[in-house]
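Open the model in your viewer and keep the sequence panel beside it. The tour below goes from one selection to the next and says what is there.

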Amino acid sequence: MKTQSFWSDEGCCLACGRSGVALHHLKSRGSGGSNLEHNLMPVCWGHHTEVHTIGLQQFSIKYPQVEDWLFKNGWEYDPYLEKWTHELE
Ligand SMILES: [Zn+2]
Ligand SMILES: [Zn+2]
């Protein structure tokens, strides 16, 4: 299993490809979200602000590669709940 430190400057922003990223908790720590890799989305500071502003659903529509990343990491979009869900979260 790949390991990834919480503060990574090796990753690239999923939205714009810029290096030096913040790891966004898809399920927030406050809601009991984990520090596992699938719950940590690498984004630059600008896009980190954006995902918090517009929400993950709009973010994944705006940036199709984000949606690909979510599916690859085990997330599924629930059209009834209108949110992304993960079996471990
Ligand atoms: Zn970015
Ligand atoms: Zn965040």
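How many bridges join strand S3 to strand S4, and do these strands run parallel or antiparallel? Select residues 75-78 for S3 and residues 83-86 for S4: 4 bridges join the two strands, and they run antiparallel. Two strands count as paired if DSSP finds at least two bridges between them.

Before going further, note how to read the model. It is a predicted model, in which local features need pLDDT of at least 70 and side-chain atom pairs count only at pLDDT 80 or more, while totals for chains, interfaces and linings use all residues. Residues are numbered from 1 along each chain as its sequence is written, and chains are lettered from A and ligands numbered from 1 in the order in which they are written.

**The whole chain**

Color by secondary structure. The chain has 2 helices and 4 strands, in the order β-β-α-α-β-β along the sequence. Helices (H or I, at least four residues) and strands (E, at least two) are DSSP runs, numbered from the N terminus.

Now color by pLDDT, the predictor's confidence in each residue, from 0 to 100. The chain averages 90, and 89% of the residues score at least 70. Select residues 1-8: pLDDT stays under 50 there, and the model has 7 contacts beyond four places in sequence for this stretch. Two residues are in contact if their C-beta atoms, placed from the backbone, lie within 7 Å. Where pLDDT is low, the predicted coordinates should not be read in detail.

**The hairpin of S3 and S4**

Return to the paired strands. S3 and S4 form a hairpin with 4 residues between them. Within the pairing, Tyr-77 stands opposite Trp-84 in S4, and the bridge partner of Asp-78 is Lys-83.

Select Glu-82, in the loop between S3 and S4. Its phi is near 55 degrees, a positive value in a residue other than glycine. Most residues other than glycine have a negative phi. Glu-82 is exposed because 8 other C-beta atoms lie within 10 Å. The cut-offs count other C-beta atoms within 10 Å of the residue's own, with C-beta atoms placed from the backbone: 20 or more is buried, 12 or fewer is exposed, and partly exposed is in between.

Move to Lys-83, in strand S4. Lys-83 counts as partly exposed because it has 13 C-beta neighbours inside 10 Å. Leaving aside neighbours within four places in sequence, Lys-83 is in contact with Gln-57 and Asp-78.

**Helix H1 and its kink**

Gly-55 leads to the next selection. H1 has a kink of about 115 degrees, centred on Gly-55. The bend at a residue is the angle between axes fitted to the seven residues ending there and the seven starting there. H1 has 18 residues, but its end C-alpha atoms are only 17 Å apart, short of the 26 Å that a straight helix would reach at 1.5 Å a residue. The expected span is 1.5 Å times one less than the number of residues in the helix.

Which residues of H1 are buried? They are His-47, Val-51, Leu-56, Phe-59 and Ser-60. The buried residues of H1 pack against S1, S2, helix H2 (64-72) and S4. Show Leu-56: beyond four places in sequence, Leu-56 is in contact with Leu-26, Val-51 and Trp-84.

**The nonpolar core**

Select Cys-13, Leu-14, Ala-15, Val-21, Ala-22, Leu-40, Met-41, Val-43, Cys-44, Val-51, Leu-56 and Phe-59, the 12 residues of the largest nonpolar core. Strand S2 (40-43) and helix H1 (45-62) are the elements that give two or more residues to this core. A nonpolar core is a set of buried Ala, Val, Leu, Ile, Met, Phe, Trp, Tyr and Cys residues joined through C-beta atoms within 7 Å.

From this set, pick Ala-22, in strand S1 (residues 22-25). Ala-22 is buried because it has 20 C-beta neighbours inside 10 Å. Not counting residues up to four places away in sequence, Ala-22 touches Val-43, Trp-45 and His-48.

**Last stop: Cys-16**

Select Cys-16, in the segment before S1. Cys-16 counts as exposed because it has 12 C-beta neighbours inside 10 Å. Beyond four places in sequence, Cys-16 is in contact with Cys-44 and His-47.
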